[in-house]
Amino acid sequence: MKYIEVVAAVIKDNDKFLCAQRKDNKFDYLAFKFEFPGGKVEANETLETSLYREIHEELNASIRSLSYLIDVYHSYPDFNVHITFFECTLDKKKITLLDHEKIVWKSVEELNTLDWAEADIPVVELLHQRNVF
């Protein structure tokens, strides 16, 4: 089964998180699901370099203050994925959607109102746990 190495950004602004909705997808189980933006790590890239590139390619934005959050390993029906999530902030507020259906900003309490891709659910749960204490 195919294995994919991915990075994703948990972007926070004040008390809201950037949630990106995927476009239609060849895999029905990912079509129109919400995710934290990011993408595949290319050969000879560090995780951080990959994330900077992906956020620029997907949102025409730049990020800063990267801080490791969590690694998630998930098996989808057609591939296995390892996603390294980083917390970060945007350098600028203006975002141009280049790869997603839409974005929304949600508080930690509102994250559960979205239909998340399965591999992103552990991050949503972690953010909820951190918010409780």
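Asn 131 is placed in helix α2; helices (H or I, at least four residues) and strands (E, at least two) are DSSP runs, numbered from the N terminus. The structure is a predicted model, in which local features need pLDDT of at least 70, side-chain atom pairs count only at pLDDT 80 or more, and totals for chains, interfaces and linings use all residues. Residues are numbered from 1 along each chain as its sequence is written, and side-chain values use heavy atoms, with hydrogens and water left out.

With a relative accessible area of 42%, Asn 131 is partly exposed (buried means under 20% relative accessible area, exposed over 50%, partly exposed in between, with a 1.4 Å probe and protein chains only). Leaving aside neighbours within four places in sequence, Asn 131 is in contact with Val 108 and Glu 109, where contact means heavy atoms within 4.5 Å. Asn 131 and Ile 70, 61 residues apart in sequence, are 16 Å apart in space, C-alpha to C-alpha.

Asn 131, Val 108 and Glu 109 are among the residues that line the second largest pocket, as are Lys 12, Asp 15, Phe 17, Glu 87, Ser 107, Leu 127 and Arg 130. On a 1 Å grid over the protein atoms alone, a cavity is a set of points where a 1.4 Å probe fits but cannot get out, whereas a pocket is an open set with protein on both sides within 12 Å along at least five of seven lines; lining residues have an atom within 4 Å of a point. The second largest pocket holds about 180 Å³ of space; grid points are joined across faces, edges and corners, and a volume is the space filled by probe spheres set on the points. Helix α2 (residues 121-132) supplies the largest share of this lining, 3 residues. By class, the lining has 3 nonpolar, 2 polar and 5 charged residues (Ala, Val, Leu, Ile, Met, Phe, Trp, Tyr, Cys and Pro count as nonpolar, Asp, Glu, Lys and Arg as charged, and the others, Gly among them, as polar).

## The largest pocket

The volume of the largest pocket is about 640 Å³. Its lining comprises 31 residues, of which Arg 22, Leu 30, Glu 35, Gly 39 and Lys 40 are the closest to the centre. At least two lining residues come from each of β1 (2-13), β4 (38-40), α1 (47-59) and β6 (79-90), and β1 gives the largest share, 5 residues. The lining consists of 15 nonpolar, 4 polar and 12 charged residues.

## Nonpolar cores

The largest nonpolar core has 28 residues, and Phe 36 and Phe 85 are those with the most contacts inside it. Such a core is a set of buried Ala, Val, Leu, Ile, Met, Phe, Trp, Tyr and Cys residues joined through side-chain atoms within 4.5 Å. β1, β2 (16-21), β5 (63-75), β6 and α2 each supply at least two residues of this core. A second, separate core of 14 residues includes Val 7, Leu 18, Leu 51 and Leu 59.

Beyond four places in sequence, the contacts of Phe 36 include Phe 85, Trp 116, Val 123, Val 124 and Leu 127.

Arg 53 lies in helix α1 and counts as buried because its relative accessibility is 18%. The side chain of Arg 53 makes a polar contact with that of Glu 54 (3.0 Å). A polar contact is a pair of N or O atoms within 3.5 Å; within protein, one must be able to donate a hydrogen and the other to accept it, and residues adjacent in sequence count only if both atoms are side-chain atoms. Leaving aside neighbours within four places in sequence, Arg 53 is in contact with Lys 40, Glu 42 and Glu 45.

Glu 48 is also placed in helix α1, and at 34% relative accessibility counts as partly exposed. Not counting residues up to four places away in sequence, Glu 48 touches Leu 66 and Phe 86.

## Loop residues

His 100, in the loop between β6 and β7 (102-107), counts as buried at 3% relative accessibility. The side chain of His 100 makes a polar contact with the side chain of Glu 35 (2.8 Å).

Asn 14 has a positive phi of about 55° although it is not a glycine; this residue is found in the loop between β1 and β2 and counts as exposed at 67% relative accessibility.
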